[in-house]
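Please keep the sequence and the model in view while reading.

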Amino acid sequence: MPVTQTRYAIDPATAKTLDTGQLRDHFHVGGLFAAGQIKLVYSHYDRLILGSAVPAGAALTLDHMAETGTANFLERREMAVLNIGETGTVSVDGADHSLDNGEVLYIGMGAGAVTFSGAGRFYILSAPAHQTYPTTLIKLSDARRVEMGAKETANERVIIQFLHPDVCQSCQLLMGYTQFAEGSVWNTMPAHVHDRRMEAYLYFGMPEDSRVFHLMGEPSETRHIVMANEEAVISPPWSIHSGAGTSSYTFCWAMAGDNVDFTDMDMVPMGDLR
Ligand SMILES: O=C[C@H](O)[C@@H](O)CC(=O)C(=O)O
Ligand SMILES: [Zn+2]
């Protein structure tokens with residue numbers, strides 16, 4: 001059985017009254033990637049579920065989560081699995097998919113139970129779905145690469161898009177990860193919001209003592225959450241999501257909501273940030 005928890009959606013007026021601990025209780029997700037466990041967080045923002053599976057030698061099967069109210073987890077949902085560990089296997093619908101580090105498996109609605117095995121450290125994302133699309137292994141060479149930023153602004157990076165309409169079809173999940181050039185640490189500044197899509201970040205590939213200061217909140221009311229390696233953060237639709245690290249890092253971004261248009265962002269003019 002997966003270890004589960006629920007995070008409720010709150011409005012920005014409530015969010016701005018929260019202190020550090022309360023902000024973390026709502027938005028920060030720690031304790032993922034525990035060996036021998038599937039851990040899942042059910043967010044009420046667009047009902048995105050995020051979590052982890054670390055088989056560590058013994059196979060782990062995800063078939064049911066009470067929070068979805070369905071007999072099978074994928075009955076009315078789609079899923080993406082990113083392997084941030086060594087090569088591992090994800091078995092679904094009678095097929096074994098071998099995922100190397102940095103590869104993504106899209107699993108369509110109705111595919112049934114999902115079994116994780118091998119040396120993988122699997123990051124799991126799932127959103128409600130309305131139709132099934134083929135389960136697809138997406139290799140790094142299949143993904144779409146968007147170069148962004150510059151060294152001078154410490155934000156030289158490549159956005160690698162896996163669940164994107166040009167790469168792999170999905171109902172509402174959009175996901176990929178962003179890698180920095182050495183010395184670059186700033187993600188998504190100038191910042192943006194997209195009130196029609198929520199987003200979740202997983203920060204990984206960081207040295208143990210490194211931290212990312214993740215920025216959130218309405219543009220006129222920003223807060224920060226201090227993130228360590230392999231920790232996730234839920235970004236409400238009304239919130240900016242940006243950050244700077246004490247070293248370079250990789251972060252997986254994932255979105256769910258009303259459209260799958262990656263470029264549909266409302267950029268925040270620098271003068272509006274508070
Ligand atoms: O809506 C898009 C998301 O916030 C991220 O994809 C941004 C990102 O990866 C980056 O700028 O590096
Ligand atoms: Zn965004």
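His241 lies in the loop that runs between strand S21 and strand S22 (242-245). The model is a predicted one. Is His241 buried or exposed? The threshold for a buried residue is 20 or more other C-beta atoms within 10 Å; His241 has 25 such neighbours and is therefore buried. Apart from residues within four places in sequence, the contacts of His241 are Thr188, Glu199, Tyr201, Met216 and Ser235.

His241 also carries an annotation. An unreviewed UniProt entry assigns the feature "binding site" to His192, His194, Glu199 and His241. Although these residues span 50 positions in sequence, no two of their C-alpha atoms are more than 11.6 Å apart, so they gather at one spot. His194, another of the annotated residues, occupies the loop between strand S17 (192-193) and strand S18 (197-204). His194 has 22 other C-beta atoms within 10 Å and is therefore buried. Beyond its neighbours up to four places away in sequence, His194 touches Pro237, Asp264, Met265 and Asp266.

Around ligand 1 stand Met148, Arg157, Ile159, Thr178, Asn187, Thr188, Glu199, His241, Trp253 and Met265. Sorted by class, this shell comprises four nonpolar, four polar and two charged residues. In the loop between strand S16 (186-187) and S17 lies Pro190, which is joined to Met189 by a cis peptide bond with omega of about 5 degrees.

The strands can be taken next. An open sheet is formed by seven strands in the order S2-S21-S18-S23-S15-S14-S13, with antiparallel pairing. Strand S2 (28-29) and strand S13 (144-148) are the edges; each has a single partner strand, so one side of each is left without a neighbour in the sheet. S2 pairs with strand S21 (residues 231-235) in the antiparallel sense over two bridges, and Ala232 in S21 is the bridge partner of Val29. A further antiparallel pair consists of strand S19 (residues 212-218) and strand S20 (residues 221-227), which are linked by seven bridges. S19 and S20 make a hairpin with two residues between them, and Leu215 stands opposite His224 in S20.

What lies in the interior? The largest nonpolar core has 76 residues, and those with the most contacts inside it are Ala80, Val81, Met175, Cys252 and Ala254. Val81 touches Val90, Val104, Leu105, Ile107, Phe122 and Ile124, leaving out residues up to four places away in sequence.

Several loop residues complete the picture. Asp46, in the loop between strand S3 (38-43) and strand S4 (49-53), has a positive phi of about 55 degrees although it is not a glycine. Asp93, in the loop between strand S7 (88-92) and strand S8 (95-99), likewise has a positive phi, near 55 degrees. Asp46 counts as buried because it has 21 C-beta neighbours inside 10 Å, whereas Asp93 is partly exposed, with 13 other C-beta atoms within 10 Å. Pro165 is placed in the loop between strand S14 (157-163) and strand S15 (174-180). With 13 C-beta neighbours inside 10 Å, Pro165 is likewise partly exposed. The C-alpha atoms of Pro165 and Phe262 are separated by 9.0 Å, while the two residues are 97 residues apart along the chain.

Technical notes
Residues are numbered from 1 along each chain as its sequence is written. Chains are lettered from A and ligands numbered from 1 in the order in which they are written. This is a predicted model: local features need pLDDT of at least 70, side-chain atom pairs count only at pLDDT 80 or more; totals for chains, interfaces and linings use all residues. A residue is near a molecule or strand if its C-beta atom, placed from the backbone, lies within 6 Å of it. Ala, Val, Leu, Ile, Met, Phe, Trp, Tyr, Cys and Pro count as nonpolar, Asp, Glu, Lys and Arg as charged, and the others, Gly among them, as polar. A nonpolar core is a set of buried Ala, Val, Leu, Ile, Met, Phe, Trp, Tyr and Cys residues joined through C-beta atoms within 7 Å. A residue is buried if 20 or more other C-beta atoms lie within 10 Å of its own, exposed if 12 or fewer, and partly exposed in between; C-beta atoms are placed from the backbone. Two residues are in contact if their C-beta atoms, placed from the backbone, lie within 7 Å. Two strands pair if DSSP finds at least two bridges between them. Helices (H or I, at least four residues) and strands (E, at least two) are DSSP runs, numbered from the N terminus. UniProt positions are given in the numbering used here, feature names are shortened, and annotations may be inferred rather than shown by experiment.
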